[in-house]
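Work through the exercises below with the structure open beside you, and try each task before you read its solution.

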Amino acid sequence: VESSRGFRHMMRERQRREKLSQSYADLYAMVSSRSKDKNSIVQSAAVYIHELKVAKEQLQRRNDELKAKILGHDAQQQCVKVQFEVDEPSSSVDSMIGALRRLKSMNVKTRGIHSTLSGQRLTTEMNVETTIAACEVENAVEEALQEVERNQLPDSEAPFPGSRSAWPQTSHVQNVF
């Protein structure tokens with residue numbers, strides 16, 4: 001019994017050493033170590049990992065620069081996401097044009113628009129670049145939407161209970177960058 005216990009221990013130790021030797025051999029194959037001694041292999045691996053981290057950081061910075069260049073992003077301007085919904089718009093196209101004209105008059109650059117008209121609800125999300133406070137952008141969009149709706153309704157169609165009184169628009173602005 002004692003000898004079989006010792007034999008099992010010896011075999012497990014041999015397997016552990018073989019596994020460790022194979023791991024060093026694999027590591028040696030991946031890094032350019034001058035020597036095959038374990039210390040040199042580990043030192044070469046540490047240097048190689050450091051080089052990879054530096055390269056990763058450089059690539060990340062370059063990626064960020066390219067993204068900013070593609071988007072035309074100015075570091076002094078903040079990017080915000082403007083979201084608005086208009087229930088039962090008289091004209092969804094006019095609502096969009098009104099919002100875009102208002103943003104243009106404020107020198108706000110629109111970078112992306114995603115709009116959906118489902119049923120009687122216009123839902124729009126815009127990514128804009130601006131130096132103006134986000135709340136001012138939100139207020140301007142709301143005013144533009146209300147103005148479009150007022151201009152679309154003839155004077156004889158005054159809102160009455162149960163109809164589109166107060167023009168049910170909602171908008172929301174959030175920071176993107």
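The expected span of a helix is 1.5 Å times one less than its number of residues. The model used in these exercises is a predicted one.

**Exercise 1.** Find out what span helix H3 should have, and compare it with the distance between its end C-alpha atoms.

*Solution.* Begin with the extent of the helix: H3 covers residues 92–105, which is 14 residues. At 1.5 Å a residue these should span 20 Å, and because the end C-alpha atoms are 20 Å apart, the expectation and the model agree.

**Exercise 2.** Decide which residues of H3 are buried and which are exposed, and how the buried ones are arranged around the axis.

*Solution.* First collect the residues with under 20% relative accessible area: in H3 the buried ones are Ser-92, Ser-95, Met-96, Gly-98, Ala-99, Arg-102 and Leu-103. Next look at their directions: they cover an arc of only 160 degrees around the axis, and therefore they lie on the same side of H3. Finally turn to the face pointing away from that buried side, where the exposed residues Val-93, Arg-101, Lys-104 and Ser-105 are found.

**Exercise 3.** Identify the residues that touch the most other members of the largest nonpolar core, and the elements that give two or more residues to this core.

*Solution.* The core has 17 residues, and those touching the most other members are Val-82, Phe-84, Leu-103, Met-126, Val-128 and Val-141. Two or more residues come from each of strand S1 (78–87), H3, strand S3 (121–130) and helix H4 (134–152). As background, nonpolar side chains in soluble globular proteins tend to be buried together.

Note on methods: Residues numbered from 1 in each chain as written. Predicted model: local features only at pLDDT ≥ 70, side-chain atom pairs only at ≥ 80, totals over all residues. Heavy atoms only, no water. Helix = DSSP H or I, 4+ residues; strand = E, 2+ residues; numbered from the N terminus. Buried < 20%, exposed > 50% of the residue type's maximum accessible area, 1.4 Å probe, protein only. Arc of directions from axis to C-beta. Core = buried A, V, L, I, M, F, W, Y, C linked by side-chain atoms within 4.5 Å.
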